[in-house]
Amino acid sequence: MDTEERFVFISGLLCEPTRARMLWSLLDGRAYTATELANAADISTTSASNHLSRLLEADILKVETQGRHRYYNFFSSEVAYVVESLANLAKADRSTKSPNAAPGKGIHYCRTCYDHMAGYVGVQITEAMETKNYLQKSGSVYLVTEKGWEWLLQFNITADNLPVTRRPLTRQCLDWSERRPHLAGQLGAVLLEKMLQKGWFRKVQFSRELIVTSQGAQSLYEILGITLQ
């Protein structure tokens, strides 16, 4: 199968409505069983298993077995980026939203994008890090400045303690609700994990939404000058 045929094949797998609903559910970064994904797509478990088999064969999803249960998740972070990017085409009010409009609620305000932070809050954090010269845009990634690495020490994040993987250190991920990039990549994932551990954010069950705690709002104001609702 050449590149063009592979593209057509993968596009068909991703954009079929039932599979699209299951893939959207996986964007919260959690792994789900076939039954849970069937419920999300409003189909039978048997039908869900057939769809999941096709996604597994194409290396779009991976599966891990724990006891009697099989948990499905994205094969790689690159797959999650593709699914999230498709949402930019689905934003209904993209032509009318003012760049200075007040932030929305729920997942528009703060959410996970696979394993990093997105939405209004995610973009605000990223842009504040740029303003303070902790990050610098470079092509499709962010460069972490020397000042940035010093700032990251408060989260116990150093260049040496990040695992060596094929995943890029940083990435500019276009936010579908804000239409501006937020921080993705390995650093984006680790930074969200650290902020969750500190209690600055709280996950909403069965949702991608993140709640900003009072402690989180105060801390982000102190270290980045961000004022959050």
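Here is a short briefing on a hairpin, a surface patch and one threonine.

This is a predicted model, where local features need pLDDT of at least 70, side-chain atom pairs count only at pLDDT 80 or more, and totals for chains, interfaces and linings use all residues. Residues are numbered from 1 along each chain as its sequence is written, and side-chain values use heavy atoms, with hydrogens and water left out.

**The hairpin**
- Strands E5 (residues 135–138) and E6 pair in the antiparallel sense, over four bridges; strands (E, at least two residues) and helices (H or I, at least four) are DSSP runs numbered from the N terminus, and pairing takes at least two DSSP bridges.
- Leu135 stands opposite Val144 in E6.
- Two residues sit between E5 and E6, and Gly139 in that turn has a positive phi of about 65°.
- E6 (residues 141–144) has Tyr142 and Val144 on its covered face, with Val141 and Leu143 on the uncovered one.

**The surface patch**
- Val82, Leu86 and Leu89 make up a nonpolar surface patch with about 290 Å² of accessible area together.
- Leu86 belongs to helix H5 (residues 77–90).
- Leu86 is partly exposed at 35% relative accessible area (buried is under 20%, exposed over 50%, partly exposed in between, with a 1.4 Å probe and protein chains only).

**The threonine**
- Thr112 lies in strand E3 (residues 111–113).
- Thr112 is buried, as its relative accessible area is 3%.
- Neighbours within four places in sequence aside, Thr112 is in contact (heavy atoms within 4.5 Å) with Leu27, Asp28, Leu192, Arg208 and Leu210.

Key: Patches are made of residues with over 30% relative accessible area and no salt bridge: like charges are joined within 9 Å, nonpolar side chains (Val, Leu, Ile, Met, Phe, Trp, Tyr) within 5 Å. Accessible areas come from the Shrake-Rupley method with a 1.4 Å probe; for residues, only the protein chains shown count as cover. A salt bridge is a side-chain nitrogen of Lys or Arg within 4 Å of a carboxyl oxygen of Asp or Glu.
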